[in-house]
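Here are my notes on the model you sent over. Have it open while you go through the points.

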Amino acid sequence: MILLVSDLHLEPQRPDLVRAFLHFLETRARGAEALYILGDLFEAWIGDDAMGPFEQEIATALRQLADSGTAVYLMHGNRDFLIGKAFCRQAGCRLLPDRHIADFPDRRVLLMHGDTLCTRDEGYQKLRRILRHPLTLFVLRHLPLASRQKLARKLRSESRQQTRAKAMDITDVTEAEVERELRAARVTTLIHGHTHRPAHHELLLDGQPVERIVLGDWDRRGWVLEASEAGLTQIDFALDER
Ligand code: LP5
């Protein structure tokens with residue numbers, strides 16, 4: 001079994017989410033062939049050098065899962081794109097590029113975080129281009145810790161305000177971009193997160209059936225997509241499920 005999650009947005013201020021994720025790693029994820037985390041594991045990540053006891057606890061739990069034989073893969077999200085080699089080494093996980101094609105038991109799939117698919121969200125795409133520019137990344141990584149914390153708080157609060165004011169279709173994926181990615185990857189299944197709109201879309205691309213599976217965000221409930229020879233099944237569960 002292969003498991004996929006995204007958008008957990010872990011932070012010390014949400015102990016319910018943290019407990020649920022740690023429990024997930026110790027139970028459902030144990031024995032899985034692989035766990036893919038498709039971005040936004042953390043609510044905000046300002047650099048591996050800023051890791052405190054909370055981040056260490058998550059890294060240790062991931063490492064224990066990896067040591068037990070489950071391959072753990074991590075992709076950047078729009079809130080934790082500064083996760084680097086040090087965290088991955090400590091957590092025993094492999095960092096994936098923004099687009100990754102994986103061989104699943106019954107098919108090849110394209111894995112993405114999903115933010116780049118929202119091409120109508122011009123404000124965000126502009127911000128993304130600035131934040132992901134190598135020069136910006138260099139500068140951000142070298143800012144003093146306090147400045148990075150301040151900047152992250154500012155960005156989060158601006159984002160909360162601005163996303164509330166955006167129309168639903170602006171913050172959803174653009175179909176043409178989904179089609180472009182599927183064609184370029186030569187696969188018929190795309191799995192992504194980011195939009196917080198869990199769903200299983202069946203579409204036609206050049207007359208062929210294709211699928212787009214959107215992973216759910218962990219907030220009121222937890223979400224996991226299970227991939228096996230039987231296909232892909234997304235399930236949600238109570239955060240306090242034991
Ligand atoms: O994250 P979410 O779900 O709220 O909304 C996203 C888009 N927003 C973001 C911003 C992140 O939330 C902020 C993450 C901060 C943590 C990492 C910081 C690391 C760098 C700093 C420390 C070293 O990604 C949101 C989308 C939404 O998804 C749906 O797709 O709409 O995009 C926006 O809201 C962007 C706005 O439209 C434009 C923002 C202007 C910000 C102005 C601040 C200027 C600061 C400039 C800094 C270089």
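1. The chain folds into 7 helices and 11 strands, counting DSSP runs numbered from the N terminus (helices are H or I, at least four residues; strands are E, at least two). Its radius of gyration is 17 Å, close to the 18 Å of the globule rule for 242 residues, so the chain is as compact as a globular protein of that length. That radius is taken over C-alpha atoms, and the rule is 2.2 Å times the number of residues to the power 0.38.

2. Before going further: this is a predicted model, with local features needing pLDDT of at least 70 and side-chain atom pairs pLDDT 80 or more, while totals for chains, interfaces and linings use all residues. Residues are numbered from 1 along each chain as its sequence is written, and side-chain values use heavy atoms, without hydrogens and water.

3. Of the 242 residues, 51% are buried, meaning under 20% relative accessible area (1.4 Å probe, protein chains only).

4. Have a look at strand 9 (residues 208-214): 5 of its 7 residues are buried, so it is largely enclosed by the rest of the structure. Strand 7 (residues 189-192) pairs with strand 9 in the parallel sense over 4 bridges, and Thr189 has Glu211 as its bridge partner. To count as paired, two strands need at least two DSSP bridges between them.

5. Strand 8 (residues 199-205) also pairs with strand 9, in the antiparallel sense over 7 bridges; here Leu203 is partnered with Val210. The hairpin of strand 8 and strand 9 has 2 residues between the strands, and Asp206 takes a positive phi near 50° in it.

Conventions. Buried < 20%, exposed > 50% of the residue type's maximum accessible area, 1.4 Å probe, protein only.
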